[in-house]
Amino acid sequence: PSPIRLRDYTPPAYLVDAVHLTFRLNQTATRVVARLSMRPNPAAEPGQDLRFDGEKLGLIRATIDGQPVQVNPDDTGLTVPAALVPDAPFTWEAEVEIDPTGNTALEGLYMSKGMYCTQCEAEGFRKITYFPDRPDVMATYTVRIEGDAPVMLSNGNPTARGDGWAEWHDPWPKPSYLFALVAGNLVSHDDSFTTRSGRKVDLKIYVRPGDEGKCAYAMDALKRSMRWDEEAYGREYDLDLFMIVAVDDFNMGAMENKGLNIFNAKYVLASPDTATDQDYERIESIIAHEYFHNWTGNRITCRDWFQLCLKEGLTVYRDQQFSGDQRSHAVKRIDDVLMLRARQFREDAGPLAHPVRPVEYVEINNFYTATVYEKGAEVIGMLRRLVGPEAYRRALDLYFERHDGQACTIEDWIAVFEDATGRNLSQFSLWYAQSGTPRVRVQETWKDGVFTLTFSQTLPPTPGQPDKEPMVIPLATALLSPEGAEVVAEQVLELTQARQSFRFEGLSARPVPSINRGFSAPVILEQDMDDARRGFLLAHDTDPFNRWEAGREFARAVLVRMLKDPAHAPEETLLEGLHAVLADETLDPEFRALALRLPTAEEVFDAARRDGQTPDPAMIRQALLRLETALARRIPDLRARLDALAVPGPYSPDAASAGKRALRGRLLALLTRLEPDAATARELFASADNMTETMQALSLLVATGQGAQALARFHERWASEGLVLDKWYAVQASLTPPENAPELVAELAGRADFEWKNPNRFRSLIGAFAANMAGFHRADGAGYRLFADWLIRLDPVNPQTTARVAGAFETWRQFDAGRQALILTQLQRISDTKGLSKDTTEIVGRILE
Ligand code: B3K
Ligand code: ZN
């Protein structure tokens, strides 16, 4: 199929003012009657054909103003010739039949464990009825649901219900992608929230019977999100009811449908014995994210899907701010940057690189990427840093005031900042258009009391973009004295040219610069550093992010040396520096846990490549184990520290307790390096009364090849809890040592409880395996073969999840010739598969290009 292009955008020929939908629910033959109040768009060329999108719809009848119209549906929709369309307001009515049970792609109306649910973003509404399925067509919705389910929900407020039917009305005009319907045997966990203007909003979280005891944390997170959006952005909720529904079969995390958020159950349900600290944290941030979409996404939406970052980048930025406010800003920033580097920098460096605002796509579902979301959020963070927090708030106020109820573009967004601040942002806008991660090289000179920093920026070529312009790069920078005091306080150095210098005068001694503090710009900073400098920053940097960064960079440098020379012993200064951070009781335990974590295998792989090596994943694994052992040996009082960190009393997911558990888990991992029989991990596995510690222990047992007994017990205990069973699969797929990993994954995939059509389960085994670097990339290619087998199997069932997981091959050209040849064989095998979906065809095609 040919790509859709941003430059071809034209306004819709016809508008829809009001939508009336009637659903007669049936598991295999649901009838949908749609009555649309339509009119020609005054802003479009007159006299155009009337085109409706529609897929997999059985058309029963169609009328305009009550008169039957002859239409010929094709695979993608139907057209009513202009001659048959009134040039004044008219009513379109169509009845279609759809099959929710046959809908395994989980887009449109589908069944999940006996429950009806919908997913319409981006283009799922066209699988429910004929419609101009594009976000710049906004309408009010009235919905009648007929069926025998005890609970039948749609967007907005309930208006009437009787035996076997329910009616809903959403007064806020919305695009079709925000439509939702849910029906099934559900129970709700209820609460309420009073907005700052004193309106009472009913809050309901709907789950399957039996899960009602696992909703309290999500509900609490929702209420905190609602309060936070009022305080931080002045945004109040706008309906009398806000509902969340948890479903088991879902392609992504959650969906912000107006007034009726639908969630992957994984991001709602939590109890201490089934969810880890990390699960709680994710629940909090995703609940916040979807709630924040009510303003950034729903009240103000996107004109077209190229503008996706308008709502996603901004909403991610908002949820990151929220989580930082709820927990620790330093820790949150480090976590976010780890994720950004692992996913977005990787994407930017490979064949799938694209701008934050893409200019073309084949399948829009393939563009819900780390670049659109996470880099999109970084761009907003940079904007805020450049204009300052007060001007940022002014600009946002203007955005909500000027564009409420509209479908907007990135140009609208930038204009709001220009108008609110008087600043010209045309060069800044390049962040939306140029793909790739900027590299910033910095050089220092010190002469006659003048310290000069000279920066040069380059942006490597990416697919479709051979040449680039210099960007605006805000680098928060401070200068430290040799004793570690800030002799020049933090300020933002604004790079705008390819090469640029900044002078600092009046210094009595050569300072040490701390650059890109808080990771103020998403760039790769290239700085000549020796170990003394690394050790100094790890001990003294006054910016917690850069302090962590110094330790991480130090560890990467050491690992690169160890890879080059297997006899190389890790530098004592690194071990001592990390030990000192551990021993510093004034630091937040969670920060210390992060500082003590070693770089990931992928990070070491990248660092070794920058050093000119073609690294072998198996060797990286060995080097990481050796460094971990050396660090464990360097900490004399590991056991005592571990015991001292025990969190007393019953489990609580709060940040302080979670931080202690994280540090304790890190120490346990180190101690396990020194215990051939993993005795302490075994003890913890036996005694843990919460899932966080259970998983810490189980992970170590699996990673050291001693998990058999614990895995059997875990399975026995949790066989009937799907979300916990996912963890059982994931821990084995991601941590089993390479010698055995592909074989074990193949064996697990053959189990009866490997319900591979469930996206969570598929990702827990096949997705998690691709993240087991040494196992997936085993030199004999067994991992690649197995992985490709499963992609080919899932593709006809669920293209969206297949294409997403297939992205794991995006780094293939970075490997040695042998592995490249093995991967190429599998990529070609996938691409040659008959009837391969458009989603997977696009991803594999781009990876192969
Ligand atoms: N907006 C949805 C994502 C929809 C993905 C469609 N393939 C969830 C979110 O970003 O909040
Ligand atoms: Zn979102």
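Where does K834 lie? K834 sits in the loop between α26 (817-831) and α27 (838-848). The notes below start with the basis of the model and return to K834 at the end.

1. **Basis.** This is a predicted model: local features need pLDDT of at least 70, side-chain atom pairs count only at pLDDT 80 or more, and totals for chains, interfaces and linings use all residues. Residues are numbered from 1 along each chain as its sequence is written, and chains are lettered from A and ligands numbered from 1 in the order in which they are written. Helices (H or I, at least four residues) and strands (E, at least two) are DSSP runs, numbered from the N terminus.

2. **Domains.** The domain assignment gives domain 1 (4-185), domain 2 (301-433), domain 3 (439-521) and domain 4 (719-849). These bounds come from an automatic or database domain assignment. Between domain 1 and domain 3, the C-alpha centres are 54 Å apart.

3. **UniProt features.** UniProt places "domain: Aminopeptidase N-like N-terminal" (unreviewed entry) at residues 91-178. That span is 0% helix and 55% strand, with its end C-alpha atoms 22 Å apart. For residues 217-428, UniProt gives "domain: Peptidase M1 membrane alanine aminopeptidase" (unreviewed entry). Here the chain is 55% helix and 9% strand, and the end C-alpha atoms are 40 Å apart. Residues 532-849 are listed by UniProt as "domain: Peptidase M1 alanyl aminopeptidase C-terminal" (unreviewed entry). This span is 70% helix and 0% strand, and its end C-alpha atoms lie 44 Å apart. UniProt positions follow the numbering used here, feature names are shortened, and annotations may be inferred rather than shown by experiment.

4. **Ligand 1.** Which residues are around ligand 1? They are E121, A122, M252, A254, M255, E256, H289, E290, H293, E312, N365 and Y368. The criterion is a C-beta atom, placed from the backbone, within 6 Å of the molecule. The elements giving two or more residues to this shell are β19 (254-255) and α2 (277-292). By class, the shell has 5 nonpolar, 3 polar and 4 charged residues. Ala, Val, Leu, Ile, Met, Phe, Trp, Tyr, Cys and Pro count as nonpolar, Asp, Glu, Lys and Arg as charged, and the others, Gly among them, as polar.

5. **Cis peptide in the shell.** E121 and A122 are among the residues around ligand 1. A cis peptide bond joins E121 and A122, with omega about 0°. A122 is in the loop between β10 (115-119) and β11 (138-146). Most residues other than glycine have a negative phi, and most peptide bonds are trans.

6. **Positive phi.** N516 has a phi near 60°, a positive value in a residue other than glycine. It lies in the loop between β29 (512-515) and β30 (524-527). N516 counts as buried (20 or more other C-beta atoms within 10 Å of its own; exposed means 12 or fewer, partly exposed in between; C-beta atoms are placed from the backbone), because it has 25 C-beta neighbours inside 10 Å. A678 is not a glycine either, yet its phi is positive, about 50°. A678 lies in the loop between α16 and α17. It is buried, because 23 other C-beta atoms lie within 10 Å.

7. **Helix α17.** In α17 (residues 679-687), A681, L684 and F685 are buried. They cover an arc of only 100° around the axis, so they fall on the same side of α17. The arc is that of the directions from the helix axis to the C-beta atoms. The face turned away from the buried side carries the exposed residues A679, E683, A686 and S687. Cover for the buried residues includes α16 (655-673), α18 (691-703) and α19 (708-718). Contact means C-beta atoms, placed from the backbone, within 7 Å.

8. **Helix α12.** Is α12 mostly covered or mostly uncovered? Helix α12 (residues 589-596) is mostly covered, with 8 of its 8 residues buried. Among them are the charged residues E590 and R592. The elements covering α12 include α4 (329-348), α10 (544-564), α11 (572-583) and α16.

9. **Two exposed loop sites.** P81 is in the loop between β7 (77-80) and β8 (90-98). It counts as exposed, because it has 11 C-beta neighbours inside 10 Å. P81 and V71 are 10 residues apart in sequence and 8.8 Å apart in space, C-alpha to C-alpha. K834 is exposed too, because 5 other C-beta atoms lie within 10 Å. K834 and G297 are 537 residues apart in sequence and 38 Å apart in space, C-alpha to C-alpha.

Key
Contact = placed C-beta atoms within 7 Å.
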